[in-house]
Amino acid sequence: MEPEEKKKKPRISSKKKVISITNLNTNTIQISNPILIELADFATKQKVEIYLVGGSVRDMLLNRPTTDFDFTVVGDSIAFAKQLAKKFKSNAVVYEKFRTAMIPYKNYKLEFVGTRKEVYEEDSRNPIVTEGTLEDDIRRRDFTINAMAVALNGDSVGKIIDLFGGMNDLKLKILRTPLDPMITFSDDPLRMLRAARFASQLNFNIDEICLEAIKQMADRIKIISQERITDEFLKILKSEKPSIGLLILHNTGLLKYIFPELEELAGIEYQFENGEKIGHKDIFLHTLKVLDNVASKTDNVWLRFAALTHDIAKPRTKKFVKGTGWTFWGHEELGAKMMKKIFHRMRLPLDNLNYVETIIRLHQRPMVLVGSEVTDSALRRLAFQAGETLEDLFTLCRSDITTNNPKLSKKYLENYDRVAEKILQVQEKDKLREFQSPVRGEEIMAICNLSPSRAVGYIKKAIEEAILDGVIANDYDEAKKYLLENKDKWLKEIEENKI
Ligand code: CTP
């Protein structure tokens, strides 16, 4: 129902608290935001009937900060937006196709649309739009809590128009559709995902009838563009307790369409050995715990994503070994390898791929290094491979401890503390964080008479490996000496192996 352009919202800083409004036992909102006051005065003078609608009303009532305001104008919204833009000394960006206009003003985004009726055809996301009343505009919205309007004209300024019981649902913390959910979700199946998203963001419940409708028509999510799906999915991940939204996706059957690899994690398989029934843990539920743990420590959505996917390859590497039990050998490497396809399919920003892959690939390693006999070179190697992700990797490892036994949990945490401490010591010893071959590519090329090629990387890596293994120190002179001593051997290897 909205243009794609609308999706690109500016980031809202949670520190920018714009509005402080009201409690939920009222039918008027005190408008205190200067921009809204100015806009209301202007509209009143121009005799243009205008309402604040949708999510901004919900957020005002919930006292959530917002910089996006949506307005419904009875009449020509574009003409009004253009006049207002002049007054605000800004520009109205007009989307003729959708008959909407947007004014960027200070750090706000003001969106204007005329009251309209939208009718959707089967299997199409393109509504037929005709002029309508305010009620038509409101009834076509997704949830009752998003379907309230606030009048901005004359004596009515601040009056809440709540035709579908949105205020009551805010109080009850429930998501309900204004119309029969089958209709509301058919109009735009993305709303099924939005239900999970709002439930997760606001910690609300979804009405039973809505849940049933989602279960029945979950497969209709297939007609929605991946960008819109991913947008909602990431909002779930960014919420305070993402497991709320993810469990809804799983329980309603949406998850298998939008993230089938995660759906594969759910459930427990059993094997019998010596008459004993042996199961493994439900990897999906474990993952959700790890994810919530990470979410309680950081807003970094890519670390949250890594937490969500750290065991993604467990179902594909799962094997029952007699005498050992369930094993998942190699799941971290395979999991890292699965990410590329998932990032592409979900249209996730590829500059975060390497970060997520690295964390998944290494998430078992700190545990392996717990023993007292661990060598400096093993610690160095982990620090080198983790690079910038090292601290985040440890955050994930600590969050991966989901035992209910407090003694065990304490012990595991202390183990990680010890490994982290040892790594710090090694790092301090040889400033490994900035580590790379002290002899740089250009010098290697000059000494070995090479042009830029993979051969240069081969030699650089050989020098780095020697440092990591403690053969030479992380020092320019030693590295150069080592290069001069070994270059003929390496050049021969390069030639023989056609590197
Ligand atoms: N809306 C809808 N169906 C959709 C998307 C939006 O009915 N699929 C309506 C809702 O009334 C919503 C308003 O359009 O409140 C604005 O949409 P949007 O900006 O996407 O969501 P918000 O509710 O404002 O929430 P957020 O800003 O967190 O995305």
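Here is a walk through the salt bridges of this structure. The model is predicted, so local features need pLDDT of at least 70 and side-chain atom pairs count only at pLDDT 80 or more, while totals for chains, interfaces and linings use all residues. Residues are numbered from 1 along each chain as its sequence is written, and side-chain values use heavy atoms, with hydrogens and water left out.

Side chains of opposite charge can pair when their charged atoms come close. Here a salt bridge means a side-chain nitrogen of Lys or Arg within 4 Å of a carboxyl oxygen of Asp or Glu. By this rule, the count is 31 salt bridges.

Let's begin with Arg58, which pairs with Asp59 at 3.0 Å between the closest N and O atoms. Both Arg58 and Asp59 are buried (under 20% relative accessible area; exposed is over 50% and partly exposed lies in between, with a 1.4 Å probe and protein chains only).

Next, look at Glu261 and Arg345, whose side chains form a salt bridge of 2.7 Å, N to O. Glu261 sits in helix α12 (residues 260–263) and Arg345 in helix α16 (residues 331–345), so this pair ties together parts 84 residues apart in sequence. Helices here are DSSP runs of H or I with at least four residues, numbered from the N terminus. Glu261 counts as buried because its relative accessibility is 9%, whereas Arg345, at 30%, counts as partly exposed.

Helix α16 also holds Glu333, which is linked to Arg361 in helix α17 (residues 353–362), 28 residues apart. Arg361 is partly exposed at 32% relative accessible area, and Glu333 is partly exposed at 32%.

Terms used: Helix = DSSP H or I, 4+ residues; strand = E, 2+ residues; numbered from the N terminus.
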